[in-house]
Amino acid sequence: MDEAIILATRRRLVMDGFSKMTIKDIVDDAKVGRSTLRRRWGNKFDLVVDALDYGFRKQGDLYTVDLNDLEPRDALVAAVRHVDPARYSPDAMVLMGNFAGEAIRTPELMEILREHAVRPRVGFIERALTQLQERRAVRAGIDVHTISTLCFGAYFANYYGGERYVDIPEDVVAVLWPTIAARTTMNRRPTSPVRRGR
């Protein structure tokens with residue numbers, strides 16, 4: 001029953017956003033009584049926090065992939081591919097957009113999004129780049145945080161720009177790699193051309 005309520009809440013967050021979603025709609029969608037929901041969650045915000053946490057736990061292995069067995073360039077492509085918001089939830093972009101729209105009315109939701117969805121993903125790419133620096137495959141002086149933010153941000157630019165790139169991670173790394181790769185790794189594998197499919 002709890003999972004039915006959580007899943008109904010997540011769907012309503014996507015369809016209606018936090019401000020417009022109602023407890024009545026959630027209990028109707030979950031096919032449970034209002035008292036069942038109220039016994040577990042005292043208010044809509046607490047319910048939404050648990051619904052978000054459900055999604056974050058489902059993605060629990062997202063930030064623990066071992067990239068050490070891959071060639072350096074392939075490791076960076078894999079890291080960028082791994083942080084795709086839609087990798088685990090096709091509605092992730094809409095959900096994030098809804099939370100951005102709530103930033104003035106309910107700033108706590110935006111902070112939850114930053115803490116659990118944005119910072120861990122950017123941090124994952126930062127760690128991948130740091131490992132590549134330790135392997136001397138990537139230059140020591142690069143701005144790891146800015147590059148990681150650019151990699152993650154490419155998904156948002158693609159989605160909100162209405163683009164339909166075939167392979168965002170490959171395209172992003174194709175642009176970045178010649179700039180960040182250590183000279184010793186530049187000639188190991190030719191850089192793939194940027195492909196822009198629609």
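At what angle do the axes of α1 and α4 cross, and within what distance do they come? In this predicted model, the two axes cross at roughly 105° and come within 9 Å. An angle from 65 to 115 degrees counts as roughly perpendicular, and α1 is therefore roughly perpendicular to α4. On the α1 side, the contact involves E3, I5, I6, L7, T9, R10, L13, F18 and S19. These residues meet K44, F45, L47, V48, D50, A51, L52, Y54 and G55 of α4. By residue class, the contact of α1 with α4 holds 11 nonpolar, three polar and four charged residues.

The overall architecture is helical. The protein chain contains 10 helices and zero strands. Read from the N terminus, the order of elements is α-α-α-α-α-α-α-α-α-α. The chain has 198 residues, of which 45% count as buried. Among contacts in the chain with a separation of 6 or more, 68% come from residues 24 or more positions apart.

Helix α1 also packs against α2. Two packed helices are described by the angle between their axes and by the distance between those axes. Helix α1 spans residues 2–20 and helix α2 spans residues 23–30. Their axes lie 8 Å apart, at an angle of about 125°. The two helices are therefore oblique to each other. The crossing of α1 past α2 is right-handed. Helix α1 contributes A4, I5, A8, T9, R12 and D16 to the contact. Helix α2 contributes D25, I26, D29 and A30. The residues of this contact divide into five nonpolar, one polar and four charged. I5 and T9 of α1 take part in the contact with α2, and I5 and T9 are also listed in the contact with α4.

Salt bridges were examined next. The count comes to 12. One of them pairs R40 with D2, with the closest N and O atoms 3.0 Å apart. This pair links distant parts of the chain. R40 lies in helix α3 (residues 34–40) and D2 in helix α1, 38 residues apart. R40 has a relative accessibility of 48% and so counts as partly exposed. D2, at 33%, also counts as partly exposed.

R40 has a further partner in D50. In this salt bridge the closest N and O atoms are 3.9 Å apart. The pair again links distant parts of the chain, with D50 in helix α4 (residues 44–58) and R40 in helix α3, 10 residues apart. D50 counts as partly exposed because its relative accessibility is 27%.

Another salt bridge joins the side chains of D167 and R81, at 3.1 Å from N to O. D167 sits in the loop between α8 (144–160) and α9 (168–180), and R81 sits in helix α5 (residues 72–82), so the pair ties together parts that are 86 residues apart in sequence. The two partners fall into separate accessibility classes. D167, at 14% relative accessibility, counts as buried. R81, at 33%, counts as partly exposed. Shared partners also join R12, D16, D25 and D29 into one network of salt bridges. R12 and D16 belong to the α1 side of the contact with α2, and D25 and D29 belong to the α2 side.

V138 lies in the loop between α7 (107–134) and α8. Its relative accessibility is 3%, so V138 counts as buried. Beyond residues up to four places away in sequence, V138 touches L132, Q133, W177, I180, A181 and A182. I180 is 42 residues from V138 along the chain, yet their C-alpha atoms are separated by 5.7 Å.

The other position is R127, in helix α7. R127 has a relative accessible area of 41% and is therefore partly exposed. R127 and V144 are 17 residues apart in sequence. Their C-alpha atoms are 8.7 Å apart in space.

Key: Residues are numbered from 1 along each chain as its sequence is written. This is a predicted model: local features need pLDDT of at least 70, side-chain atom pairs count only at pLDDT 80 or more; totals for chains, interfaces and linings use all residues. Side-chain values use heavy atoms; hydrogens and water are left out. Axes are lines fitted to C-alpha atoms, for helices over the stretch in contact, and angles run from 0 to 180 degrees between N-to-C directions. Helices (H or I, at least four residues) and strands (E, at least two) are DSSP runs, numbered from the N terminus. Angles under 35 degrees count as roughly parallel, over 145 as roughly antiparallel, 65 to 115 as roughly perpendicular and the rest as oblique. A crossing is left-handed if the near helix is turned anticlockwise from the far one by less than a right angle, and right-handed if clockwise. Contact means heavy atoms within 4.5 Å. Ala, Val, Leu, Ile, Met, Phe, Trp, Tyr, Cys and Pro count as nonpolar, Asp, Glu, Lys and Arg as charged, and the others, Gly among them, as polar. A salt bridge is a side-chain nitrogen of Lys or Arg within 4 Å of a carboxyl oxygen of Asp or Glu. Buried means under 20% relative accessible area, exposed over 50%, partly exposed in between (1.4 Å probe, protein chains only).
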